[in-house]
Amino acid sequence: MSDLRKELIRKLFHLFQFGVLIGYTMVSHYFSTQIAVLALTAMLLVMLEIEYIRVDYETRIGTRITEFFSRLFILRRHERKNITGAIF
């Protein structure tokens, strides 16, 4: 697969993250801002835990998470052993 195609897949994945903003807006509109912030906090904690397992543990789970995101061309070569920018 060409480098351009891989990069386009990465960028498309990043565009899907606008769904988080849309979800936050909808939850804060229909429920409350506090519930929306709690949902975002829960999502952040889950993402931090996945990233921690992926980087620090050389287990089957950590390896499978890295392989999954590598197959989707979301992880660059230097991100496979380090923390990614996705959680920031």
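Guide: We shall go from confidence to the overall fold, and then to a single residue.

Visitor: How should I read the confidence, and which helices have the lowest and the highest mean pLDDT?

Guide: As a general idea, where pLDDT is low, the predicted coordinates should not be read in detail. This is a predicted model, and its protein chain averages a pLDDT of 80, with 86% of the residues scoring at least 70. Among the elements, helix H4 (residues 60–71) has the lowest mean, 73, whereas helix H2 (residues 18–30) has the highest, 91.

Visitor: How many helices and strands does the protein chain have?

Guide: The protein chain has four helices and zero strands, and along the sequence this reads as the pattern α-α-α-α. Of the contacts with a separation of 6 or more, 54% are between residues 24 or more positions apart.

Visitor: What share of the residues counts as buried, and what makes up the accessible surface?

Guide: Of the 88 residues, 15% count as buried, while the accessible surface comes to about 7,200 Å², with 68% of it belonging to carbon and sulfur atoms.

Visitor: Is Gly62 buried or exposed?

Guide: A residue counts as buried under 20% relative accessible area; Gly62, which lies in helix H4, counts as buried because its relative accessibility is 1%. Leaving aside neighbours within four places in sequence, Gly62 is in contact with Ile53, Arg54 and Tyr57.

Visitor: How far apart are Gly62 and Glu51?

Guide: Gly62 and Glu51 are 11 residues apart in sequence, and their C-alpha atoms are 8.7 Å apart in space.

Note on methods: Residues are numbered from 1 along each chain as its sequence is written. This is a predicted model: local features need pLDDT of at least 70, side-chain atom pairs count only at pLDDT 80 or more; totals for chains, interfaces and linings use all residues. Side-chain values use heavy atoms; hydrogens and water are left out. pLDDT is the predictor's confidence in each residue, from 0 to 100. Helices (H or I, at least four residues) and strands (E, at least two) are DSSP runs, numbered from the N terminus. Buried means under 20% relative accessible area, exposed over 50%, partly exposed in between (1.4 Å probe, protein chains only). Contact means heavy atoms within 4.5 Å. Accessible areas come from the Shrake-Rupley method with a 1.4 Å probe; for residues, only the protein chains shown count as cover.
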